[in-house]
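Trainee: I would like to go through one part of this model slowly, with the cut-offs spelled out as we meet them. Could you take me from the overall layout to that part and then to its surroundings?

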Amino acid sequence: MVDRYTQRFFTQVSLLKPHHICKSLNLCQPPLHSQGNCDACHDTVSQLLPKLKDPQTKLKIIRLLLKECKSLNNYQDKCKKMVFEYGPLMLADLENFLEKKDVCSILGVCPTHSFYVLPAALADS
């Protein structure tokens with residue numbers, strides 16, 4: 001069930017058209033995509049992926065989520081259970097999503113026709 005909902009979530013995110021959201025909320029600014037912004041976005045994703053693969057980083061994220069559960073008062077226990085149960089799966093799905101999708105184009109930082117290939121070191125790990 002988690003796989004299905006996680007997959008559905010990331011599929012829906014990949015279908016989002018930032019300019020439609022921006023336009024409907026009257027938040028549109030000049031296009032973000034310039035070669036510099038696009039390159040910077042891809043560099044950021046390239047630096048983020050190895051960190052997401054690191055077990056210590058994953059543990060820090062899980063700890064942070066558990067800490068945030070404390071703010072949910074009556075739902076603390078339920079929140080913690082969900083973090084333990086679904087957190088690792090969501091992190092794995094996020095890693096997979098970032099490896100297979102051009103997030104920078106999805107976010108509107110790069111033109112949708114841009115082509116990005118992960119560095120070989122990341123693709124092989």
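In what order do the elements of the protein chain run from the N terminus on?

Mentor: Residues are numbered from 1 along each chain as its sequence is written, and side-chain values use heavy atoms, with hydrogens and water left out.

From the N terminus on, the elements run α-α-α-α-α-α-α, that is, seven helices and zero strands, where a helix is a DSSP run of H or I with at least four residues, a strand is a run of E with at least two, and both are numbered from the N terminus. The pLDDT, which is the predictor's confidence in each residue from 0 to 100, averages 77 over the protein chain, with 63% of the residues scoring at least 70. Among the elements, helix 4 has the highest mean pLDDT (91) and helix 7, residues 120-124, the lowest (49). Where pLDDT is low, the predicted coordinates should not be read in detail.

Helix 5 itself has 25 residues and reaches 34 Å from its first C-alpha to its last, close to the 36 Å expected at 1.5 Å a residue; the expected span is 1.5 Å times one less than the number of residues. A kink of about 45° lies at Y86, shortly before the proline P88, the bend being the angle between axes fitted to the seven residues ending at a position and the seven starting there.

The buried residues of helix 5 are C79, V83, G87, L91, E95, F97 and L98. Buried means under 20% relative accessible area, exposed over 50%, and partly exposed in between, with a 1.4 Å probe and protein chains only. E95 counts as buried because its relative accessible area is 13%. Leaving aside neighbours within four places in sequence, E95 is in contact (heavy atoms within 4.5 Å) with L49, L52, K53 and K58.

V83 and L98 also belong with I62 and C104 to the residues with the most contacts inside the largest nonpolar core, which has 18 residues. Such a core is a set of buried Ala, Val, Leu, Ile, Met, Phe, Trp, Tyr and Cys residues joined through side-chain atoms within 4.5 Å. Helix 3 (35-53), helix 4 (55-69), helix 5 (76-100) and helix 6 (103-106) each supply at least two residues of this core. Not counting residues up to four places away in sequence, I62 touches V83, G87, P88 and L91. In soluble globular proteins, nonpolar side chains tend to be buried together.

In the loop between helix 4 and helix 5 lies N73, which has a positive phi of about 45° although it is not a glycine, and N73 is exposed because its relative accessible area is 58%. S105, in helix 6, counts as buried because its relative accessibility is 11%.

Technical notes. Predicted model: local features only at pLDDT ≥ 70, side-chain atom pairs only at ≥ 80, totals over all residues.
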